[in-house]
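Here is a short tour for you to follow with the model open.

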Amino acid sequence: MEKNIVLIGFMGSGKTTVGRRVAAQLGRDFYDTDEWLKKSEKMPPAQIIAKKGEKYFEGAQRFAVMNLCENEHCVISTGGNTMKDRQNRDLLKENGILVWLKADANTVYQNTSSSHNRRPELAGASVEDIAAMLKEREPYYEICDICVEVDERDMDQIVATVLEEIQKFNN
């Protein structure tokens, strides 16, 4: 059985966009933990945190991961915070090939500068602030099976690299 492909990485690294394209190229279903949460909770993740609190959000995110991991032969894109939770990391690792879309602080800043309303954690964050957040989360992403650098690359190059690396991993 082929494992799921799970895209991990910091906010703004391109997980959802890359995930959709990889799934389409491989003829697999695509799921996004943030979209799953938005649909089940009837509000986006940032609003869940604001209205129901961080602990509730963590539980809801765990529930999303458990549900999505029940699918087979799919591509799953994770929210930027998903890998901070040990249960999520263990379950995703057990059920999938973890592909880290690794972006530096400048790339994250550029990719998220117009979406701070969706990403309150980055509202007003400087490149230096983002670099500190990246450094803090790096250990959670380093458990990946595949690491793909996304800096200064267009989406087609990133998708092609992910597909190549997955093929190598499976062989």
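Which residue is the bridge partner of Ile 5 in β3? The partner is Val 75. This is a predicted model, in which local features need pLDDT of at least 70 and side-chain atom pairs count only at pLDDT 80 or more, while totals for chains, interfaces and linings use all residues. Residues are numbered from 1 along each chain as its sequence is written, and side-chain values use heavy atoms, with hydrogens and water left out.

**Strand β3 and its neighbours**

- Strands here are DSSP runs of E with at least two residues, and helices are runs of H or I with at least four, numbered from the N terminus.
- Three bridges join β1 to β3, and these strands run parallel; strands pair if DSSP finds at least two bridges between them.
- Strand β2 (residues 29–32) also runs parallel to β3, joined by four bridges.
- In that pairing, Phe 30 stands opposite Val 75.
- Both faces of β3 (residues 74–77) are covered, with Cys 74 and Ile 76 buried on one side and Val 75 and Ser 77 buried on the other.
- Buried means under 20% relative accessible area, exposed over 50% and partly exposed in between (1.4 Å probe, protein chains only).

**Helix α5**

- Asn 88, Arg 89 and Leu 92 are buried in α5 (residues 86–95).
- They lie on the same side of α5 because they cover an arc of only 100 degrees around the axis, taken from the directions from the helix axis to the C-beta atoms.
- On the other side of α5, Arg 86 and Glu 94 are exposed.
- The buried residues of α5 pack against β1 (4–8), α4 (54–68), β4 (96–102) and α7 (127–141), where contact means heavy atoms within 4.5 Å.
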